[in-house]
Amino acid sequence: MTDVQFVTENAFGELGLTVTSTFSLLSQFITSLDARSIKAPERPKDPPNTLNLIGDSAKLLKAQVTKLSLLVLNRPFTPTAITRILRDISTGCLPALMGATDLVRQKEDGHILFYIIRAPIRRLFRQMINLMGEVPLHETQVDAVKKTDRGTLVSTGIVWETCDLLIEMEKTGLVGIVVQQAQEYRDLLQDAIAELKEWTESAKRPELNL
């Protein structure tokens, strides 16, 4: 084995361990979010602003995921650079987002803020797991990922979209979130009424005997 081969295999080995640990961290966070009965950690005496923490973490995650996707798709493939990014993600923005959900209490802060914040963060964690699955863990997998880059692009796009939603939450605040939700429900209801009216009118028309 040459020195280059040894360095390459070692770099992929470190990458594999980092992907595995990041995957485990995300799975743990998702389990905590899904288990509503688990008691949340005690609130700090002087907690940070929840929406500001979410917005800042989402901005950082979006930037890191952008770099990650470019490194996965572009050549030459550099496993050491991807490992550094994943470590930054798993020690920075992911725990910060999870910590923000721990700051929200259903009784004190209300059901709306509690569920509106937790739902997109849960979706974000799940999509990050999908993105982890697109990272080549061996030199032989690099070309295969390049040929089928759709999975990476789709996962990245969903992460971007969810991050943008969380960033918008910081800008609009709780009132803006509630107003946006109400508008979405109103539009959905109007569409349903329009479709029902159209179906009713078509059902009243007599059939033509040809």
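At what angle do helix α2 and helix α3 pack, and how far apart are their axes? Let's work up to that together.

Hi everyone. What we have here is a predicted model, where local features need pLDDT of at least 70, side-chain atom pairs count only at pLDDT 80 or more, and totals for chains, interfaces and linings use all residues. Residues are numbered from 1 along each chain as its sequence is written, and side-chain values use heavy atoms, with hydrogens and water left out.

First, the overall picture. The protein chain has eight helices and zero strands; helices are DSSP runs (H or I) of at least four residues, strands are E runs of at least two, and both are numbered from the N terminus. Of its 210 residues, 35% are buried, meaning under 20% relative accessible area with a 1.4 Å probe, protein chains only. Take contacts, heavy atoms within 4.5 Å, between residues at least 6 apart in sequence: 84% of them join residues at least 24 apart.

Now back to our pair. Helix α2 covers residues 50-73, helix α3 covers residues 79-91, and they pack at about 160° with axes 10 Å apart. Axes here are lines fitted to C-alpha atoms over the stretch in contact, and angles run from 0 to 180 degrees between N-to-C directions. That angle makes α2 roughly antiparallel to α3, a label for angles over 145 degrees.

Who touches whom? On α2, the contact includes L61, L68 and V72; on α3, I82, I85 and I89 are among the residues involved. The contact residues divide into nine nonpolar, one polar and two charged. Nonpolar covers Ala, Val, Leu, Ile, Met, Phe, Trp, Tyr, Cys and Pro; charged covers Asp, Glu, Lys and Arg; the others, Gly among them, are polar.

How values were computed:
Buried < 20%, exposed > 50% of the residue type's maximum accessible area, 1.4 Å probe, protein only. Parallel < 35°, antiparallel > 145°, perpendicular 65-115°, else oblique.
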